[in-house]
Amino acid sequence: MKLFKLTYSILFFSLVMGLFTACSKDDDAPNNGIPRIRYVRITDPASADSLLVGAFQGNLIAIVGENLQNARQIWFNDQRAVLTPTYITNTTILVSIPNEIPLEITNTMKLVFANGFELLHEFEVQISEPIVGSMDCEYVLTGGVATIRGDFFYPPLTVKFAGGVNGELVEVDDKILQVRIPEGAQPGPITVTTNFGETVSDFWFRDNRNIFISSDPFTGWWNAGFVVSNPGPADPASINGNYIRVTRAIGAWNWLEAAGGPPDAMGPISKNIPDEAILKPEDYNLKFEVNTLKPYNNNMIKLNLGLTAFNNDQYQWKPPIDTKGQWQTVVIPFEEIAASYGGNLSVSPNGYYTRLLFHGPGDLDCDIAFDNFRVVPKVLEK
């Protein structure tokens, strides 16, 4: 009888301890085992205390909480994110915000778990305003189609030109816009507007600032015969009055000066390079339009600008380029040009020497046109 009582007591004690242990385990599970988000942060360990209430498309974020290990889906607005199982633990989920644009904006993150449980958390996907980077050609005739490159070109959108007129959208891609130039478009920045913001370009459409070689009218020492004033059917269309066209065979190391001269030969246009460009070349670009009817694939084009005297170690614009008979804007950081002169630039109130010179290795069957040589700020002056 004593043995039975002892055995019964042991069994009862074991049962009670088992129940107590089970209850203790349930009590120990955070939030009683229910999934919970405590906060969202960036993934950089050095900035782990930087908490987020929103983030941009494509950003990698860390969702921190409890009982998250059985998450199977994550939605930002109406866009489903891609989950990687190895990035999911009971306390953390690493996930990239989808790049796709939501059709329905709820500013809510939704986690769906294996058992069907759904967890909602307020979180804003911060969709970027458009980025307007460049124009394939900054000079396009009215009625022509301009190609604008950038990012976040999300319709519906508008492209407004100086003069207050909107272009006609021909084709829209996230990174490329094609727009027909309207009547009344004037020189100046363009403005691209979407539902997510508005951006004014740093570049100018039909940029007429600081032009130091234009041939309108021809000035200088060399080759007025290269200037095209009345284009014929076989000539490129004029984009801004007269332009320079060189059509001849140029042998290796032949010396052909196509345009330029000292300040007294170039006239007032020689003073058009800004003092600030000479003092801070890193803030400026050299730009010009080029049109190759035959590829520029040999020889060398050398440029003098912003100098107080000719320099035969001038900047070398090397081949190749082939615009296939279309005008295209060339952009060269002015600090690269300044560095090619050894940084020996100084402000000259009397103007600057300029020269467009063909001189280099290799024979060139040349048919190339130029216009609108200018030095302009990299960033729009506010």
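## Pockets, salt bridges and a buried asparagine

Strand β10 supplies the largest share of the lining of the second largest pocket, four residues. The model is a predicted one, in which local features need pLDDT of at least 70 and side-chain atom pairs count only at pLDDT 80 or more, while totals for chains, interfaces and linings use all residues. Residues are numbered from 1 along each chain as its sequence is written, and side-chain values use heavy atoms, with hydrogens and water left out.

The second largest pocket has a volume of about 230 Å³. A pocket here is an open set of points on a 1 Å grid over the protein atoms alone, where a 1.4 Å probe fits, with protein on both sides within 12 Å along at least five of seven lines; lining residues have an atom within 4 Å of a point. Its volume is the space filled by probe spheres set on the points, which are joined across faces, edges and corners. Of the 15 lining residues, G133, S134, E138, F203 and K287 lie nearest the centre of the second largest pocket. Two or more residues each come from β10 (131–135), β22 (284–292) and β25 (328–333); strands are DSSP runs of E, at least two residues, numbered from the N terminus.

E138 and K287 also pair with each other in a salt bridge (2.6 Å, N to O), the term meaning a side-chain nitrogen of Lys or Arg within 4 Å of a carboxyl oxygen of Asp or Glu. E138 sits in the loop between β10 and β11 and K287 in strand β22, 149 residues apart. E138 counts as buried at 2% relative accessibility, and K287 does at 7%; buried means under 20% relative accessible area, exposed over 50%, and partly exposed in between (1.4 Å probe, protein chains only). Salt bridges with shared partners join E138, D207, R209, K287, E289 and R374 into one network.

The structure holds 16 salt bridges. Another is formed by R36 and E66, at 2.7 Å from N to O. Because R36 lies in strand β1 (residues 36–42) and E66 in strand β3 (residues 60–66), this pair ties together parts 30 residues apart in sequence. E66 is buried at 9%, whereas R36 is partly exposed at 29%. E66 forms a salt bridge with R38 as well, with the closest N and O atoms 2.5 Å apart.

N304 belongs to strand β23 (residues 301–307) and is buried, at 2% relative accessibility.
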